[in-house]
Amino acid sequence: MTDKSSLNVSSIIEDHSISESEIEELLHIDDEYEYWEFQDISIDSGVFGELVDLGIVTKNSSGYSLAYSKELQSIVDDQNPASTDSTDQDAFLGYIYKPYFQKVSEIVSIYTLLLFVIFLAGGYLRFRNLGNDPFWVDEMWHIWAADGYISGNGFTLPGGKSYTRAWSTVTLPVSLVFWALQPTEAVARAPTAVTGSALIIVSYYFGREFLNKPAGLILSGLVAFDAWTLTWSQQVRMYTHVQLLFILTLILFYTWWSRDDLRLYSPYLYALIPVGVLGYQTHLSYLGVGGILAIFTCSVYLYNTYLSRWTSVTVNTTRYKKQQLLVVVFCAAGALMIIWKGIPDLLLGHTPAWYESSRGAGFYWEFLQERNFALYILPFWVGTLYLLYRDAAGRLLVLSFYLPFVVYGYIAEFIIPRYIFHLYPIYLLIAVSPIAVIVDRIDVENLVSRFRPTAEFPEWLVGRMSTESAVKVVACVLLILLLVSPSTALHTVDNRSHGLIDDRSDHKGPSQYLTGNVSEDDLIFSSSPILTRWYYDDVDYALKYTGVDTENLSGSILSHDPDEIESILKNKSGWIVIDHRYHWYAPDEIKKVVEENSIQVAEGWNGITIRYFGDVVTDENWEERAASTNGKVNTIDNHISLGRTTDGGAQETGEMIFEVNDPEHLRIRSFGQGERFVNVYGSTDGEEWEQLLTHDDGGWKTQEAELSGEYLYIRVRGGSPGNDLGGLVEYMLIR
């Protein structure tokens, strides 16, 4: 090749009669693509061959590129001096903006600028309201393990069991931010939000490497504003991390394959090794990438074998041997993995004992259709066919989606949407591929010249910020806004607890409730102690459910015998925190014991109820508990009725008197409305009474009173002057 320092590009262009339009076409294609092919341009093959021979155009395994783009650009600029017919506005804009754009366009393209805007917007959404929602149960495994690590106990749970799943990508970063800052929801989720933000950038390079710049830009916008990707970018779980590592592996492998010719001493190969280790350690689903790359390599190797043996096509021998070696490496690695770990349970159709679902093979297709109907209904299928036809990169992309998708959808029986989350960017890229190709082929100048042959574009749009690039970027922005809504993403962050994940119970609120009500001798039961213990720090008993393997990790005493639970509830006092796991998994016999021996005293917090057992008066035991009664006291419709008559009397009341021993707290749920009232009094001698609570308005109401501890008697009196309905009491507890 000619030495660059001695090559006179201008004289060569002139000597070989290369036209200005041919130079502009070369500059355009080289600006749009890092590497390109001869079929991408319309220059005569003879002229093109001369340019290659002269070293103006260079070629490597990835394609062609210009070696003297600046020199060629200066030739075009010299032949096209600034027009003197520009409008005053264009002259002013050129004077103000051209120097600025010339400098900026030498550093970044308009694609990069828009990507930066998308990154900022997507990153903002991922950090917005990050700590608003309390932890949910799946997050707690990493939270407790991180807490154990910074406490010097390694990645362990409160029960002492080690938890090392995704320790390097999820738990360790949480440990570091806990150590540096404080253990809050926002702090714990920040590392995942950073990973989700990085995914936006990686998605752009993923689309650009496998297709083109518009594809990368559209994909980054979809990833930034899609509610599903946004949801998992705000949870202390590993699904965003494995998604990032999965597509990063595809980028590195294909770059190593196409640009670096499978060199052993390649930076792409060096980067693949730690990424692969992190991916394997993060989630089992990452292993699918090994099967994908193995099948891709084998198929190319077999095709080249066919070409070399049965056709006249000459195959690159060196590259062919490298592919052969890579096939051997993949096969050996797969065999060793099976010997070491065995066949994954997923491939054998195994499911967790707690899993019950009627989801069939078509569930994932239905789910993807619900996520974005516009992409699923036609573009995805057109994109699949186009990429299969297009080139090796396209076929690798299709294989990367369909192979694991078939495994998860048609072989595995454990069907959960998050298990295909790592495939979602690949699905989106396949779907946008036909659209991105159309955008990339926009030829603005030719299009405008058909209608206005004399039209001139502003001079200040130069270099990488050309008019054509600007139009393509605008098209990308419109497509992003058409396919996904940033306002919907904002609404999801602001109004949906835990995003698109089903609303999870809030154990933070109930723990605060317990803090203000629990007595020293009270016991605490929880249906999810791994959560309750984080916020309340003292759970005595965990309700054990058959087939569920996550309750033995909280350090609480397991209770699964109905007789044992009944004995505790009848002879002790305390509280039971019940969430959705109780309703899903608790056996009916345990539910019966709990409901017969406790009363519900509070509810809310995304489906949590709190029940109390112990010294409580209800419609079932008031006759046994009351030291004396006066007037009309009855049981009606599971309530205690005070002052209700059946003979038309209008002035009747009813009261119950209870002997107590220095109580500190009283809670009563009663009905008062208009003339119907319920009052509570305290006394030290049974003669003189001090009114503690009164209720005659608002219907059912729960009232509480802090007691001095000196009362020996409590009197509950109710009635309804003017009618015969009386007051009602659902329960009263005294501590």
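Contact is defined here as heavy atoms within 4.5 Å. On this criterion, residues 24 or more positions apart account for 73% of the contacts in the protein with a separation of 6 or more. The structure is a predicted model, in which local features need pLDDT of at least 70 and side-chain atom pairs count only at pLDDT 80 or more, whereas totals for chains, interfaces and linings use all residues. Residues are numbered from 1 along each chain as its sequence is written, and side-chain values use heavy atoms, with hydrogens and water left out.

The protein contains 29 helices and 19 strands, both taken as DSSP runs numbered from the N terminus (helices H or I, at least four residues; strands E, at least two). Of its 735 residues, 51% count as buried, where buried denotes under 20% relative accessible area, exposed over 50%, and partly exposed the range in between (1.4 Å probe, protein chains only).

Helix α7 comprises residues 137-150. Its 14 residues reach 21 Å from the first C-alpha to the last, close to the 20 Å expected at 1.5 Å a residue; the expected span is 1.5 Å times one less than the number of residues. The helix is mostly covered, with eleven of its 14 residues buried. Just after α7, glycine 152 adopts a positive phi of about 90°.One of the covering helices, α25, contains threonine 532. This residue is buried, with a relative accessible area of 1%. Not counting residues up to four places away in sequence, threonine 532 touches His507, Ser511, Ser526, Asp537, Val539 and Val577. Lysine 508 lies 24 residues from threonine 532 in sequence, and the two are 7.5 Å apart in space, C-alpha to C-alpha.

Two helix pairs were examined for their packing geometry. Two packed helices are described by the angle between their axes and the distance between the axes. Axes are lines fitted to C-alpha atoms, for helices over the stretch in contact, and angles run from 0 to 180 degrees between N-to-C directions. Angles under 35 degrees count as roughly parallel, over 145 as roughly antiparallel, 65 to 115 as roughly perpendicular and the rest as oblique.

The axes of α8 and α13 (residues 267-282) come within 9 Å and cross at roughly 80°, so the two helices are roughly perpendicular to each other. Trp167, Ser168 and Thr169 in α8 meet Leu278, Gln281 and Thr282 in α13. These residues divide into two nonpolar, four polar and no charged (nonpolar: Ala, Val, Leu, Ile, Met, Phe, Trp, Tyr, Cys and Pro; charged: Asp, Glu, Lys and Arg; polar: the others, Gly among them). Within α13, the buried residues include Leu269, Leu272, Val275, Gln281 and Thr282, and what covers the buried residues of this helix includes α8 and α12 (239-258).

Helix α9 packs against α20 (residues 424-440) at an angle of about 45°, with the axes 11 Å apart, which makes α9 oblique to α20. Phe206, Gly207 and Phe210 of α9 form the contact with Pro425, Ile426 and Leu429 of α20. The contact residues divide into five nonpolar, one polar and no charged.
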